[in-house]
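Take a look at the fold below.

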Amino acid sequence: MEGQMLEQTDVLIVGAGPAGLATAIGLAQHGVGFQIVDAASEGQNTSRAAVIHAATLETLSRLGVADALLAQGIKVPHFRVRDRGRVILEIEFTRLAGLFPFALMIPQEETEAILTARLQSLGHSVQRPLRLMSVEQKDDGAITQFADGRTTRARFVVGADGEKSSVRAAANISFPGDTYGSFLLADVRMSWPLPRNEVGLFFAQEGTLVVAPLSASRVRIVAQLADAPSQPTVSDVQRVLDARGPGGRIVVEEVVWGSRFQVHHKLADRFRDGPFLLVGDAAHVHSPAGGQGMNLGLRDAEALADALTRELAGTQGQLDLYASTRRKSAAQVLSRTDRLTRLATVRGRFARSARNTLIRSLGASSAVRDTIAKMLAGYG
Ligand SMILES: Cc1cc2nc3c(=O)[nH]c(=O)nc-3n(C[C@H](O)[C@H](O)[C@H](O)COP(=O)(O)OP(=O)(O)OC[C@H]3O[C@@H](n4cnc5c(N)ncnc54)[C@H](O)[C@@H]3O)c2cc1C
């Protein structure tokens with residue numbers, strides 16, 4: 001391979017989204033040598049994943065960023081499932097036994113800014129814009145080539161480069177799965193008849209709707225919608241809320257940020273191939289039901305940083321263990337979000353009524369409600 005030789009490193013992290021940044025922080029805290037690169041000249045700076053669950057907050061606490069996140073986010077203790085206006089299941093995160101008995105609502109760009117600042121405080125920064133063009137396994141590691149012609153040698157290459165991962169492709173790891181269609185996403189200012197201290201999931205004939213507080217004045221709307229508009233307007237969001245929400249006085253005043261989210265449901269065949277390791281969306285993508293995507297990636301990242309640290313220190317088998325345990329967790333989340341999405345979108349009056357009765361009778365048991373709270377929060 002021609003080109004200027006960049007320095008060698010133990011670990012090259014490709015991608016500085018939440019998963020790459022968290023892996024880098026974990027390695028920096030353990031004193032492991034690494035480089036982190038990203039193709040974009042700056043972070044995406046958009047709202048996207050808006051919820052951080054309790055188990056992830058424990059991870060982020062160990063990575064030194066929980067206090068900063070808690071200072072900026074909104075703590076939400078309640079999760080309620082409704083069929084239009086009628087509550088059919090009520091989950092209390094307050095009953096969680098851990099340190100963080102709530103879900104934390106915070107836009108993704110704020111989470112990424114806090115992770116970036118933490119990495120800088122540990123003496124590291126992301127090299128950007130620097131696009132990985134090719135990577136091949138060589139001897140005891142891999143040789144990578146970047147868009148500016150530089151090359152580098154790394155013992156391990158972490159693919160934190162998102163759903164279309166080049167590292168995954170170079171490692172010949174397949175990424176099978178399906179597509180669910182599109183979701184409308186919008187952060188809005190609005191008048192709304194229900195309390196602002198809950199995340200609400202609404203089942204309706206037209207499809208699902210999630211409404212969650214994002215700041216004192218902003219509310220996140222997520223709705224499964226065929227042909228969702230790429231830039232939803234006030235009337236697009238108003239229509240969805242009128243058709244699927246609880247009824248009562250709902251007035252959308254402004255769409256602060258909006259987007260369309262194409263949802264795929266895919267799991268990498270394996271999370272490791274020789275020197276190549278996958279983390280975050282490069283390894284798994286799924287429906288936003290339950291808000292698990294970024295959470296799973298952040299927990300992968302901590303596990304991977306710990307495994308790389310131990311493996312580089314001479315303990316064999318750590319990376320294979322990372323790959324098998326995190327793939328199992330991801331498979332479990334994918335299967336649950338798939339079931340939840342199908343349950344939420346059943347059609348027909350009889351089927352919907354049978355579903356609601358089943359959910360209400362299961363939800364009558366506090367043990368069942370606590371199990372659901374733990375699953376949503378990322379504990380199992
Ligand atoms: C519009 C939208 C809305 C979303 N809403 C939600 C939501 O409500 N809830 C939820 O849980 N999730 C949501 N997600 C998904 C969530 O944003 C992702 O799960 C999360 O960003 C994944 O983090 P990651 O670090 O694994 O990958 P990413 O955030 O995708 O980061 C990958 C990084 O790799 C870089 N990169 C890619 N290729 C290369 C290369 N060849 N060389 C160098 N760098 C490279 C990219 O520039 C990027 O910065 C949404 C996503 C989108 C797009």
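Helices (H or I, at least four residues) and strands (E, at least two) are DSSP runs, numbered from the N terminus. By that rule, valine 368 lies in helix 10, residues 366–377.

This is a predicted model, in which local features need pLDDT of at least 70, side-chain atom pairs count only at pLDDT 80 or more, and totals for chains, interfaces and linings use all residues. Residues are numbered from 1 along each chain as its sequence is written, and side-chain values use heavy atoms, with hydrogens and water left out.

Stay with valine 368 for a moment. Its relative accessibility is 27%, so valine 368 counts as partly exposed. Buried would be under 20% relative accessible area, exposed over 50%, and partly exposed is in between (1.4 Å probe, protein chains only). Valine 368 and serine 191 are 177 residues apart in sequence. In space, they are 33 Å apart, C-alpha to C-alpha.

Now turn to helix packing. Two packed helices are described by the angle between their axes and the distance between the axes. Axes are lines fitted to C-alpha atoms, for helices over the stretch in contact, and angles run from 0 to 180 degrees between N-to-C directions.

Helix 1 (residues 18–30) packs with helix 7 (residues 293–312) at an angle of about 30°, and their axes are 8 Å apart. Helix 1 is therefore roughly parallel to helix 7. Angles under 35 degrees count as roughly parallel, over 145 as roughly antiparallel, 65 to 115 as roughly perpendicular and the rest as oblique. Which residues meet here? From helix 1 they include Ala22, Gly26 and His30, and from helix 7 they include Gly297, Ala301 and Asp306. Contact means heavy atoms within 4.5 Å. By class, this contact of helix 1 with helix 7 has 10 nonpolar, 5 polar and 1 charged residues. Ala, Val, Leu, Ile, Met, Phe, Trp, Tyr, Cys and Pro count as nonpolar, Asp, Glu, Lys and Arg as charged, and the others, Gly among them, as polar.

Helix 1 also packs with helix 4 (residues 108–121), at about 25° and with axes 10 Å apart. So helix 1 is roughly parallel to helix 4.

Two strands pair if DSSP finds at least two bridges between them. Strand 3 and strand 7 (residues 103–105) pair over 2 bridges. Valine 51 has methionine 105 in strand 7 as its bridge partner.
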